[in-house]
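I went through this model and kept notes on what I looked up. The entries follow in the order I made them.

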Amino acid sequence: MGTVTRRPGTSQGRHRSVSRLVAGVIYGLFGLYLGLVIVAYATDLVLAWQLAAVAVLLGAVLGVRLAVDRYRDSEHRQAALLSVLGFALAVFAMIYQSSSPGLGLGPSRPLAITVVFVLFLSFLLAVTGPRRYTPVQWGAIGCFMTLSMLYLVHTLAFDPSSSQSRWPIWALFVMGTNLLVVPRLVPRRVFFWLLSTLGSLVVLLGLATYGIGEYAVWIFEVRQWSSTPPIPGVDTTLQSVFPNPNGFGLLSFAGFVAAVVEFHRSLVARRPLGAGLAIVAGSLCGLGVLLSNARASILAAMVVVVVYAGYVLGGRRLGALTLASTVFGVVAVLAGMAVGLIDISSANRFELWSASLQAIRDGPLLIGHGGGPASVVIEPYLATETAPSPHNSYLSVVIQTGLVGGLAYIGLLGGSIVAGMLDTGELDAAMLAFVTGWAIHQLFESYTMFHWSLGSVVVTLSVGYLLFGERAS
């Protein structure tokens with residue numbers, strides 16, 4: 001009777017093929033998620049609760065993967081999978097219910113909000129393996145919880161039929177997924193690759209307007225803006241598919257940084273093709289930053305490159321010194337502009353910041369004015385008839401959530417930078433420099449991490465990778 005001969009490596013090869021297929025599906029879902037964020041930011045075709053539902057799907061995928069990896073016997077694995085899927089179904093139902101007035105949890109809104117908070121937080125912790133968290137990570141989760149609770153409590157002041165009573169629910173889950181789930185699910189290199197690819201694509205779409213004029217493609221309107229970018233011979237600023245140039249500059253900045261990091265890593269790994277592609281993407285995204293004339297994005301890009309170069313060339317000590325010096329230099333320039341020593345236009349920023357500080361002083365100091373538009377709060381303190389946003393993320397958070405929320409926000413964003421500098425493990429210089437750039441960028445723009453806009457998503461993902469990402473990925 002003959003014996004069956006098994007080819008060596010066949011099972012390992014099959015396992016690798018399955019792993020690649022699973023990874024491809026996961027990366028595809030994440031790419032879809034980022035694409036939907038861009039569509040939601042550029043158009044009105046994707047709603048916030050739909051983004052939150054996709055975020056739930058990403059959390060469920062991570063929970064399933066951890067359950068399969070952790071449990072070897074079928075009984076425990078099956079129980080874990082059923083728990084994850086049951087949790088995900090309950091959260092899906094809550095997200096769907098939140099798309100219309102009322103949460104379906106009875107007449108007591110405080111009780112309903114409490115149930116939502118506990119359910120969402122429990123799901124996020126269950127699918128991410130909380131037993132592995134360090135004290136620093138638990139501190140970041142505490143800051144996230146504090147922000148979430150404050151925004152949810154403020155919803156009680158609004159009519160249940162208003163979207164103001166429900167938007168923090170969607171923001172809570174989108175932010176939590178970006179912070180805790182995605183960094184455990186998708187490697188950094190994939191995150192950077194997607195940013196550089198998406199950034200290059202929107203730049204190419206925008207550049208076509210200089211040849212054929214403004215046009216429409218699929219669901220997007222590709223437009224220009226009536227101002228002059230800092231490029232000789234170019235008379236109009238580019239906004240590409242976004243409502244204004246700031247959004248275009250933001251994605252171009254993110255894509256430029258991602259391309260710079262990939263170029264350096266390709267050189268170190270001696271991958272000429274990867275280096276060449278990174279040069280192309282970096283050139284396109286760098287041109288996009290300039291054509292957007294978004295000065296905050298231009299400044300942030302310079303900060304990231306300088307800080308990253310400091311860490312690459314000089315290691316931890318020189319890198320930390322470069323980071324601290326760069327941040328101090330930006331603050332010093334702002335101070336010089338404020339007192340008139342440096343002749344650079346502030347674009348009305350100081351007036352907006354002064355009005356914001358007055359509103360903070362006169363309002364509920366500890367817990368803020370609530371989750372409504374900050375522009376409405378600062379309007380009485382401005383001489384102009386219409387009040388734009390504070391154009392400062394930190395002031396926006398303090399206006400809405402008070403000193404308690406502001407400290408939690410700074411603790412999460414600034415604390416991640418400090419934790420990255422002091423971490424004695426493997427240095428993540430690229431993400432540390434990236435988060436530093438976002439911290440500077442938020443000095444001049446009003447988007448916050450507690451939202452689902454493009455800037456909110458990318459900056460929260462960056463903080464999540466720095467704090468919760470796998471060092472080996």
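Which two strands form a hairpin, and which residue in the turn has a positive phi? I found that β1 and β2 form the hairpin, with two residues between them, and that W218 in the turn has a positive phi of about 55°.

Before going on I noted the basis. This is a predicted model, in which local features need pLDDT of at least 70 and side-chain atom pairs count only at pLDDT 80 or more, while totals for chains, interfaces and linings use all residues. Residues are numbered from 1 along each chain as its sequence is written, and side-chain values use heavy atoms, with hydrogens and water left out.

Entry: strands. I took helices (H or I, at least four residues) and strands (E, at least two) as DSSP runs, numbered from the N terminus. Two strands pair if DSSP finds at least two bridges between them. Strand β1 (residues 215–217) pairs with β2 in the antiparallel sense over three bridges, and V217 stands opposite F220 in β2. On its other partner, β2 (residues 220–225) runs antiparallel to β3 and is joined to β3 by three bridges. There W225 stands opposite T237 in β3.

Entry: strand faces. In a regular strand the side chains alternate between the two faces of the sheet. β2 has F220, V222 and Q224 on a covered face, and E221, R223 and W225 on an uncovered one. In β3 (residues 237–240), T237 and Q239 point one way and L238 and S240 the other, and all are buried. Buried means under 20% relative accessible area, exposed over 50%, and partly exposed in between (1.4 Å probe, protein chains only).

Entry: S297. I looked up this serine in helix α11 (residues 295–339). S297 counts as buried because its relative accessibility is 1%. Leaving aside neighbours within four places in sequence, S297 is in contact (heavy atoms within 4.5 Å) with G249, L250, F253, V289 and H441.

Entry: I used a 1 Å grid over the protein atoms alone: a cavity is a set of points where a 1.4 Å probe fits but cannot get out, a pocket is an open set with protein on both sides within 12 Å along at least five of seven lines, and lining residues have an atom within 4 Å of a point. Grid points are joined across faces, edges and corners, and a volume is the space filled by probe spheres set on the points. α1 (10–42) gives the most, with three residues.

By class, that lining has eight nonpolar, no polar and no charged residues. I counted Ala, Val, Leu, Ile, Met, Phe, Trp, Tyr, Cys and Pro as nonpolar, Asp, Glu, Lys and Arg as charged, and the others, Gly among them, as polar.

I followed L198, in helix α7. Leaving aside neighbours within four places in sequence, L198 is in contact with L34, I38 and L251. The C-alpha atoms of L198 and I38 are separated by 9.3 Å, at 160 residues apart along the chain.

Entry: largest pocket. About 790 Å³ of space lies in the largest pocket. Of its 31 lining residues, S446, Y447, T448, H451 and S453 lie nearest its centre. The classes are eleven nonpolar, 19 polar and one charged.
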